[in-house]
Amino acid sequence: MTRGWVFLGFGEAAAVLAAALRARRLPPPVSVCLPLGRAPSSATQARLTAARIPCDLTPAAVRGAHVILSLVTPTAAKDAAASVAPHLAPGALFVDLNSIAGDTVREIAGIVTSGGGQFVDAAVLAPVPLRGLRVPLLLSGTASEAFHRLGRRHGLNTRVLSTRPGDASDVKMLWSVITKGTIALLAESLVAAHRLELLDPVTGLLAREYGPTGSAAMVMRMLHSTVRSGARRLDEMDEARRTLGRAGVPAWTVESTRRWIAALCRLPTLEAATVPASVRELSDALNTAGVRGERSRPA
Ligand SMILES: NC(=O)c1ccc[n+]([C@@H]2O[C@H](COP(=O)([O-])OP(=O)(O)OC[C@H]3O[C@@H](n4cnc5c(N)ncnc54)[C@H](OP(=O)(O)O)[C@@H]3O)[C@@H](O)[C@H]2O)c1
């Protein structure tokens, strides 16, 4: 087995992590495999060209690799694992970092171990572009200790939760109910506050009562990033619903969050640089897109 690390997928998260790994002293050899028999999109191709990183479109490219990091999309995670599993070196560490439910993780763990690899469930607990290599990664699965020791040597910010695959991802899904739900709450309340000319007192309450989560920077990030790249969060919400279903808990807020994210990610990108201007832009865009609630008549 070589000491190489192979990324499955080369989206926003993989590109940031690969660059950060390669910038370290004594980095592992890093390459990319796009294993599902499809040509990369123009966005992925542009990232590959900018990174000048070796890329292979055949699943056999993982042969001999020591670590395989899967960062595709929630819906592609299982197929990506299945395509490379027959080519894994015995004992290779397959680390799944996709935002998926514990049940999906356990299916993938079975695929990986039957191919002779060791499986690590890794939940990414913050935006990768903001935190880079220091993004918190919660690990579970029988090989999580082994990856924790290796990852620390290469600057990763890992923490082991348990030896059960799926635990880390279920924590992430329950956290997503809160974090993605917050985005929906912000969109719903702030657009209404803007239209009722009450934005200042509402954002004032947010800043006072919600600490860093209510800060202008965080509000801007949540709204802008959802409009820009919210589509993949729809898959994440479907996976969160799966985790809630396993617990027998109704996914009421997840369903509402999904509706807001679907509406936001269909809008043109927000350009504004302040919260009031962003909310005004959002309100106008929702109007143009025909996203309306029922207006009550004045008493
Ligand atoms: N970005 C973050 O900060 C962050 C944080 C937490 C968790 N995550 C998780 O990490 C994973 C990657 O996120 P990302 O933000 O990097 O996503 P992204 O920018 O959308 O990139 C996804 C990558 O997967 C590839 N891909 C998509 N569908 C595929 C398919 N059916 N078959 C093969 N490859 C496919 C894409 O290729 P094409 O461009 O060719 O479609 C692209 O290279 C997701 O599961 C996400 O939930 C990301």
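**Exercise 1. Find how many residue pairs are in polar contact across the interface of domain 1 and domain 2, and which elements of domain 1 take part.**

Step 1. Across this interface, eight residue pairs are in polar contact, both residues at pLDDT 80 or more. A polar contact is a pair of N or O atoms within 3.5 Å; within protein, one must be able to donate a hydrogen and the other to accept it, and residues adjacent in sequence count only if both atoms are side-chain atoms.

Step 2. On the side of domain 1 that touches domain 2, helix H4 (102–114) and strand E6 (118–124) each supply at least two residues. Helices (H or I, at least four residues) and strands (E, at least two) are DSSP runs, numbered from the N terminus.

Step 3. H4 gives the largest share of that side, six residues.

A word on the model: it is predicted, so local features need pLDDT of at least 70, side-chain atom pairs count only at pLDDT 80 or more, and totals for chains, interfaces and linings use all residues. Residues are numbered from 1 along each chain as its sequence is written, and side-chain values use heavy atoms, leaving out hydrogens and water.

**Exercise 2. Describe the two domains and the area buried between them.**

Step 1. Domain 1 covers 5–164 and domain 2 covers 169–288, with bounds from an automatic or database domain assignment.

Step 2. Their centres, taken over C-alpha atoms, are 28 Å apart. The contact (heavy atoms within 4.5 Å) takes 21 residues from domain 1 and 14 residues from domain 2.

Step 3. About 1,500 Å² is buried between the domains, and carbon and sulfur atoms give 50% of this. Buried area is the accessible area (1.4 Å probe) that two parts lose on being put together, summed over both.

**Exercise 3. Look for the salt bridges.**

Step 1. The structure holds 13 salt bridges, each a side-chain nitrogen of Lys or Arg within 4 Å of a carboxyl oxygen of Asp or Glu.

Step 2. Between domain 1 and domain 2 the count is four.

Step 3. Glu-12 and Arg-232 meet in a salt bridge, N to O at 3.0 Å. Arg-106 forms another with Asp-103, where the closest N and O atoms are 2.9 Å apart. Both Arg-106 and Asp-103 lie in helix H4, three residues apart, about one turn of the helix.
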